Amino acid sequence: MELNFLTAHELIEKLDKKEISSSDILNSLYKRINETDAKVRAYVRTPDTKHLTPSTKLPPISIKDNICTEGLNTECCSKILEGFKPPYDATVIKKLKEAGAAILPLKTNMDEFAFGSSTENSFFGVTSNPWNLECVPGGSSGGSAAAVASDEAVWALGSDTGGSIRQPAAFCGVVGLKPTYGRVSRYGLIAFASSLDQIGPITKDVTDAALLMNIIAGYDPYDATSADIAKPDYTRALENNIKGIKIGIPKEYFVQGLDSEVGKIIEEAITKLKSLGAVCKEVTLPHTEYAVPVYYIIATAEASSNLARFDGVQYGYRTPNSKLPTQNLIEMYKKTRGEGFGEEAKRRIILGTFALSHGYYDAYYLRALKVRTLIKKDFDDAFKELDCILTPTAPTPAFKIKEKVDDPLKMYLSDIYTISANLAGVPAVSIPCGFTKNNLPVGLQIIAKPFNEEALFKVSYAYEQNTPWHEMKPKI
Amino acid sequence: MAYETVIGLEVHLHLKTKTKAFCGCSTEFGRAPNSQVCPVCLGFPGSLPVFNRTALDYAIKVALALNCKVQGFTKFDRKNYFYPDLPKDYQISQFDLPLSRDGFLDIEIEGGPKRIGITRVHMEEDAGKLIHREEVSLVDFNRTGVALLEIVSEPDMRSPEEAYEYLTNLKSIIGYLGVSDCDMEKGSLRCDANISLRKIGQKEFGVKTELKNMNSFKAVRDALVFEVGRQGAALDEGKAIIQETRLWDSEELETVTMRTKEGSQDYRYFPEPDLPPFVIEAAKIEEIKKTIPELPAQKLGRFIKDYGLSEYDAKILVSTKEGADFAEECFKAYPNPDKKMPANWLIGPLLSEANLRNLGVADLGIQASSLTELLGYLDRQEISNLSAKVVLAEMLSSKKPAAEIIKEKNLLQVSDSGALDAIADEVIKENVKSVEEFRQGKTGVLMFLVGQAMKKSKGKANPKILQEVLKRRLADA
């Protein structure tokens, strides 16, 4: 079998035994990308091979376009960051390089600034779902998920603000983990919503996710929001034994809007976990219904401020259609931002600006912060008696390209099951748990209490060891 | 009509930390443009701020010295506005939970002390510097991210003079704490002034203007004086004052409209999500309190009490900590209980010498003991006042002890009345006309004769004794 089809841990074994070299893996990946990426379009730009390190201990990794890589274009798939080559590496990139991984010198596609759930809002065009090229791969880390699912990547990093790792992982049939807020450094992640963003792994199986977390997790003095807590060895949680583990099924997640086929597949997954010895019971997360509105106030408010710096002064795009900024500064700002940002980015900047405006702040932003506290408390209460919470990752399987693009509200509801974990700061993983009649993957979301990623690994590993879903490959 | 002036000041102060507030870049002044920058202070995508704890310690120190209540729980907020000198297009500042509130600063005005309220002292970061050329505008980001304190006063000042006093006292206190250079020319202290007039007896404030671009305390006072006149004249003519920002033009000596504020600008403040809120423990506040030295106001009182100085003299002596410490050393080394002599010398010849060299008195390179040694010669009337000044100048340049210089220059006074008798007799003989006038009652002539005798002694005669000798010989002759 071509090397690109293997998991990272399988490749590491071969590298350790010196059966293969890292350039063999790269050649295999490039061959695959040449064959299939014209259809999938998981990557943006073409490889810049001069950035390659010749021999590495670990398989190369694919990086989302919003994580800074020194000297390598990092543009958030936005026109406004056209040509931006960061002068520094994100902390996660530094850690990967130190651990001996090569960074694939082409970035994965995403919704512009991670604003979206379908990767349709990219300046570089849409990515297709490897399982059905007419469908979206989910988003915003759609490029990373599609690359891993199509074996154009061994493993990848994504970022998750409201589900941007987990939802595309679910749509593409791969593993995607959003760590606890503060577990992985955000230094070098181009911010969407600072209080919600986390970088996390998108991989072919649970073992790879644990290996990747071992590399990227941990305290970073350059990120004041990263937690100064010792990092465990996550691979130690990979034991095929979940007898007596207590799992809660929140009733608020199984209501109108959940696709019946998805609902059925999740039921089957619950049955499977029970058969493996898990104790499942219904629980309540009473403030669930407010998660989407709260999220769209907090996330857009922070984004409106985070994205202010894209003003044409220092880097990225500057309008050619304006007088010198000295002569008309405001015009330069307006045209640069008007021409540089896409539709969804503008919509969110306007929403966020409004939510923070004088006279509206208390009614929107401040109120949203209060409800966020209640949502967090829901989880605190639930976890007093539980190890994990289990939900569908997304209410539907992958939808058609353009199906929701003109209806932002409908699009926002794709994240209805993933958003709460970001608001509460808790870790969550999506793992493949079955396929619809149309052969589209379905994801199972497992949520744990803060800094208990081990519980996620434990349950998802046991489930994976007893099901075939992670071994399925799309035909492209 | 008579109006009452109402003034509030907003002072921005650079904290003298080695590195910037949120990154490791140096804060050194005067380096090549954009040589002290990094992805964090340039606001590059993905970069994150980490707070400099030394800046916090300094800020707490200032807040305590200004009698503010330091808040146990505080946080940073983002102040959002677009400007090319602000790379993130927001400033990390503090909004609703500032570091400290409710302090005061006492000033001396005619009629006694006056207490000026301090609304708040909070922390923020500085912006860059724009340099406008004919064709382009350039940005220097070296200053971007330097830790700033904003010190906001209550509208408690009632005249430009009070504002001047407030600034002088504030600078003196900050100087004692050693946390800022307070140099307006280098921009390490900046002051904006809010000023309005109201009819005497009226309770509500009038419409205010905000004055900017003053680069010295004197300029602040001048701008306020101008504005009192401008607003007063406008009100007399029945015109309304427009709420606006006005710039001080130091060449034309007038304020000019910069921008009119239509309501207040909406900065969309919200909590800075990249910096978690933090708790300041009471123990930390106590610890910092202990590092605050005796402040100028306390020192002033003590100097008056312990050394019997006049308030005027004491005030000059305590204006800087280094100067006050040097003065105190001199007072202690000076054996005489009356400290008027060293005080006069510190405020007089030493201070003018220091001002000439743009130094502090303590930096002149003269030891307190050397000065008191010199003063001892004066007290014993062994040298003249004039000679003492010559000796001091020589001490400053050659660093030699007073005794050596006096010996070298042969400056010891002649107090021996036998020697002086001879000189007096010679003078009487040579100035017959003046002696005649003296005898006819023109006593003023005596000083002329003393002068002549001083000349004859080559300045070495003790003038007091000489005068007595002359009087005696004139009466005898």
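Chain B of this predicted model has a mean pLDDT of 90. In chain B, 98% of the residues reach 70 or more. For the complex, the predictor gives an ipTM of 0.96 and a pTM of 0.90.

Take one helix of chain B. Helix α9 of chain B covers residues 368-379, twelve residues in total. From its first C-alpha to its last, α9(B) reaches 16 Å. That is close to the 16 Å expected at 1.5 Å a residue.

Which residues of α9(B) are buried? They are B:Ala368, B:Leu371, B:Thr372, B:Leu374, B:Leu375 and B:Tyr377. An α-helix has 3.6 residues a turn, so residues three or four places apart point the same way. With that in mind, read the buried positions along the helix: B:Ala368, then B:Leu371 and B:Thr372, then B:Leu374 and B:Leu375, then B:Tyr377.

What covers these buried residues of α9(B)? The cover includes four helices of chain B: α7 (321-333), α8 (340-356), α10 (385-398) and α11 (402-409). Just after α9(B) comes B:Gln381, which takes a positive phi of about 55°.

Now turn to where the chains meet. Here 33 residues of chain A are in contact with 27 residues of chain B. On the side of chain A that touches chain B, α8 (291-306), α9 (329-340) and α10 (343-356) of chain A each supply at least two residues. The largest share of that side, three residues, comes from α8(A). By type, the residues of the side of chain A that touches chain B divide into 18 nonpolar, ten polar and five charged.

Notes
Residues numbered from 1 in each chain as written. Chains lettered and ligands numbered in written order. Predicted model: local features only at pLDDT ≥ 70, side-chain atom pairs only at ≥ 80, totals over all residues. Expected span 1.5 Å × (residues − 1). Buried ≥ 20, exposed ≤ 12 C-beta atoms within 10 Å, placed from the backbone. Contact = placed C-beta atoms within 7 Å. pLDDT = per-residue confidence, 0-100. Nonpolar A, V, L, I, M, F, W, Y, C, P; charged D, E, K, R; others polar.
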